[in-house]
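The following note was prepared for a colleague who asked for a reading of one model. Its points are numbered so that each may be taken up separately.

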Amino acid sequence: MSVKAMRPKLNQDDIVRLMKGSSAEDRAHATHKLCRRIGNEELQSEDKVFADQILNLLAQDAEKLVRRAMAVTLKNSPNLPREVALKLAHDIDSVALPVIENSPVFRNSDLVELVLNATEAKQIAVAGREKLSAEVADTIAEHACRDAVVKMASNDNANLTERGYGFTIDRFKTDEDVQGALISRSWIPPQVAEKMVSLVSGQMFDLLVNNHELPPQLAIELASGAHERATLDLVEQAGHSSNLPRFVQQLALNNRLTPSMIMRAMCLGHVSFVEHALSELSGLPHHRTWLLLHDAGSLGLRKIFEHAGLPKGMHVPFQMAINVYHELDYDGLDGDRERFRKRMVERVLTQFQNIPKADLDYLLEKLDAYREVEDQRSDEAA
């Protein structure tokens, strides 16, 4: 439907109210009616010229109520002329913000200009747009006010580059709202997570470690202050990523892929980690290691031990642990992982005594933790 065809829908009283209405309310009502029709039509070139002329006039109306009516009604429409959108964007906040946050007609250069020269409220509106290009997101990170940076960091559709992450972190090193916004993103680059580790603590540190993939080298550095148990706790996180082989490789390069760590991981059911660890130490491909570990019985495990240079005294208890793993299975119910680990530890502890005391203490500590979880669930069920 053309603008000409829609003209009869606006009677003479509408036109009078639009251009010379006795009150701002009358003109705002007529503006809303016209803009709603313009915003919903596919305009031909002749119609677009006519519509643009009307909208340019409305953008200059002395009454903010009229300008706001146009801004709110056309905030999502591609039929709002870019020149008019820019005029509205430089208007008072009540008129500008709906257009700034929503209009699809702005170019990246327009949004960058707003971030650099507009009020804080308008910077926040830019940061809240449904999608932000890398150019705009990085400009917000480098130049915008703190609340705009929080808004942008919380926006998963803001295409931050590593440079933008750097600006955000460097400008707000101690700001927990900014840190929390970054950590809340569905994904952040591992190198960014690495940079944030030294800046956050407590609950935010836990969220960072649990929700985002940390570089393998960082896991090693974190572990160095808390012996192998800290590294093993991060092994479970790494096991859910595609970076497990690299994680294991970094452990080996730093001489931290020790027999006791592998034994400890096996006793807690971290079998994927064990497979990659034995592959790394033995030099055998992962698929070959898997077959020797799971399908070749004691002779297969003995061959792996020889290639990996593991102590012969570990062979029997390790074989017992493998047997326990094959006998047990997940039951598919809530908490099955905790129950599996609990049964694994209990069975292993009853079948061999050749585990180092430090490892035994660690396993007992884990067993107590799993028992507490199980007891708590039993109490709740009762």
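1. Overall composition. The model is a predicted one. The chain contains 25 helices and 0 strands. Of its 382 residues, 48% are buried. As for contacts between residues at least 6 apart in sequence, 58% of them join residues at least 24 apart.

2. The pair α13 and α15. Helix α13 spans residues 176-184 and helix α15 spans residues 202-211; the two pack at an angle of about 20 degrees, and their axes are 10 Å apart. Angles under 35 degrees count as roughly parallel, and α13 is therefore roughly parallel to α15. The crossing of the two helices is left-handed. On the α13 side the contact is made by Glu176, Gln179, Gly180 and Ile183, and on the α15 side by Met204, Leu207 and Leu208. Sorted by class, the residues of this contact are 4 nonpolar, 2 polar and 1 charged.

3. Leu208 within that pair. One of the α15 residues in the contact with α13 is Leu208, and this residue deserves a separate remark. Is Leu208 buried or exposed? With a relative accessible area of 0%, Leu208 falls under the 20% limit and is therefore buried. Apart from neighbours within four places in sequence, Leu208 is in contact with Ile183, Ile188, Ala193, Met196, Val197 and Val200. Of these, Ile183 also belongs to the α13 side of the helix contact. Val197 lies 11 residues from Leu208 along the chain, and the C-alpha atoms of the two are 7.6 Å apart.

4. The pair α20 and α22. Helix α20 (residues 271-282) packs against helix α22 (residues 297-308) at an angle of about 55 degrees, with a distance of 7 Å between the axes. Because of this angle, α20 and α22 are classed as oblique to each other. Their crossing is left-handed. Leu278, Leu281 and Ser282 of α20 meet Ile304, His307 and Ala308 of α22 in the contact. These residues comprise 4 nonpolar and 2 polar, with no charged residue among them.

5. Thr139 in α10. Thr139 is located in helix α10, which covers residues 134-143. Its relative accessibility is 11%, so Thr139 counts as buried. Which residues does Thr139 contact, leaving aside its neighbours within four places in sequence? They are Val112, Val115, Leu116 and Ala144.

6. Pro81 in a loop. Pro81 is found in the loop between α5 (64-73) and α6 (82-89). Pro81 has a relative accessible area of 4% and is therefore buried. Leaving aside neighbours within four places in sequence, Pro81 is in contact with Asp52 and Leu55. The C-alpha atoms of Pro81 and Lys48 are separated by 9.0 Å, and the two residues are 33 apart along the chain.

7. Cysteines and disulfides. How many disulfides does the model contain? The count is 0, where a disulfide requires a pair of cysteine sulfur atoms within 2.5 Å. Cys35 has a relative accessibility of 1% and so counts as buried. Cys145, at 10% relative accessibility, is therefore buried as well.

Terms used. Residues numbered from 1 in each chain as written. Predicted model: local features only at pLDDT ≥ 70, side-chain atom pairs only at ≥ 80, totals over all residues. Heavy atoms only, no water. Buried < 20%, exposed > 50% of the residue type's maximum accessible area, 1.4 Å probe, protein only. Axes fitted to C-alpha atoms, helices over the stretch in contact; angles between N-to-C directions. Helix = DSSP H or I, 4+ residues; strand = E, 2+ residues; numbered from the N terminus. Parallel < 35°, antiparallel > 145°, perpendicular 65-115°, else oblique. Left-handed = near helix turned anticlockwise from the far one by under 90°. Contact = heavy atoms within 4.5 Å. Nonpolar A, V, L, I, M, F, W, Y, C, P; charged D, E, K, R; others polar.
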